[in-house]
Structure formats: C-alpha cells, structure tokens
Amino acid sequence: QVQLVESGGALVQAGGSLCLSCAASGRIFSINRMGWYRQAPGKQRELVAASTSDGSTNYADSVKGRFTVSRDNAKNTVYLQMNSLKPEETGVYYCNANLITRMWGDPADYWGQGTQVTVSS
C-alpha cells in the first residue's frame, strides 16, 4: 500500500558528496517524519538524519555540519545531501517514513529497500 523508493547511492571517494532521495507513494494520508538510517556491514541500523512535519530536524552527531536532510512535502520526498564523506560512512542507507494511511489511523513506520553508499579511501 505504501512504497518508499530510494535513489542516489553510488561509489564515491572520501571527501566527495552524494545526494540521496526517497519518494513515498501509495495510500498516504499524512507523513509525520521522514528520514535516513544507515547500516554498515556487521553493525546495527542507526539514524543518520530525520525531518518532522513541523520542519524540525535531527542528526547523528557524527554527521552534523556535513549532511543536510530536507523534504518536499508536495512530492512526499525526502533528500539527504552528504558532503565530506568518510570511508566509515559506507553502508546501506534506508529511507524511513512514519505516516498515517487514513484519517484517524495510527501512525506506522515504513522502509525503503535501501541504497548502497560506498566511500573509498
């Protein structure tokens, strides 16, 4: 019913930049929060950045000042601009959306399929 489609993952050299995008579609009444998580090999998935419907954002401490999360609410799309990338930021980046599919419905989390980001040293 709800699909999240990510794009923008690639191989990039350390110090380089990438922009990820994620578009949500399907049965969506409203979106509370959209954001990005990262899962490195052998590690747990962790929050990178998120944006709420009131415009507030939060970031992992390690990416503050280098990454920027933004939303286009009209397109149900979230972006992650990543600058000065580091090799340790290699991993699969997953889009997450906390949303409601109908009026008076309960919010639920949805995930994209993930996009690979590889930062070479």
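**Reading cysteines, strands and charge pairs**

Me: Cys 19 has a relative accessible area of 38%, so it is partly exposed. What is the closest cysteine sulfur to that of Cys 19?

Reply: Keep in mind that this is a predicted model. A disulfide needs two cysteine sulfur atoms within 2.5 Å. The closest cysteine sulfur to Cys 19 belongs to Cys 22, and it is 12 Å away, too far for a bond.

Me: How many disulfides does the count give?

Reply: The count is 1 disulfide. Cys 22 and Cys 95 are the partners, with an S to S distance of 2.1 Å.

Me: What is the handedness of the link between Cys 22 and Cys 95?

Reply: Read the angle about the S-S bond. For Cys 22 and Cys 95 that angle is -80 degrees, and the link is left-handed.

Me: Which strands hold Cys 22 and Cys 95?

Reply: Cys 22 sits in strand β3 (residues 18–26), and Cys 95 in strand β9 (residues 91–100), so the bond ties together parts 73 residues apart in sequence.

Me: Is Cys 22 buried or exposed? And is Cys 95 buried or exposed?

Reply: The cut-off for buried is under 20% relative accessible area. Cys 22 has 0%, so it is buried. Cys 95 also has 0% and is likewise buried.

Me: Now the strands. What joins the strands of a sheet?

Reply: Strands of a sheet pair through backbone hydrogen bonds, in parallel or antiparallel fashion. Here, 4 strands make an open sheet with antiparallel pairing, in the order β1-β3-β8-β7. Its edge strands are β1 and β7 (67–72), each of which pairs on one side only. On average, neighbouring strands in this sheet are turned by 15 degrees against each other, direction ignored.

Me: How many bridges join β1 to β3?

Reply: There are 6 bridges between β1 and β3, and the two strands run antiparallel. Val 5 is opposite Ala 23 of β3. Glu 6 is opposite Cys 22 of β3. Cys 22 is also the disulfide partner of Cys 95.

Me: Which residues make up the covered face of β1?

Reply: Sort the side chains of the strand by face. In β1 (residues 2–7), Val 2, Leu 4 and Glu 6 form the covered face. Gln 3, Val 5 and Ser 7 form the uncovered face.

Me: What is the relative accessibility of Asp 109? What is that of Arg 33?

Reply: Asp 109 is at 42%, so it is partly exposed. Arg 33 is at 25% and also counts as partly exposed.

Me: Which residue forms a salt bridge with Arg 38?

Reply: The partner of Arg 38 is Glu 46, with the closest N and O atoms 3.1 Å apart. Compare the burial of the two ends. Arg 38 is buried, at 6% relative accessibility, whereas Glu 46 is partly exposed, at 39%.

Me: Which residue pairs with Lys 64?

Reply: Asp 61 forms that salt bridge, and the closest N and O atoms are 3.0 Å apart. Asp 61 is exposed, with 63% relative accessibility.

Terms used:
Residues numbered from 1 in each chain as written. Predicted model: local features only at pLDDT ≥ 70, side-chain atom pairs only at ≥ 80, totals over all residues. Heavy atoms only, no water. Buried < 20%, exposed > 50% of the residue type's maximum accessible area, 1.4 Å probe, protein only. Pairing = 2+ DSSP bridges. Axes fitted to C-alpha atoms, helices over the stretch in contact; angles between N-to-C directions. Salt bridge = Lys/Arg side-chain N within 4 Å of Asp/Glu carboxyl O.
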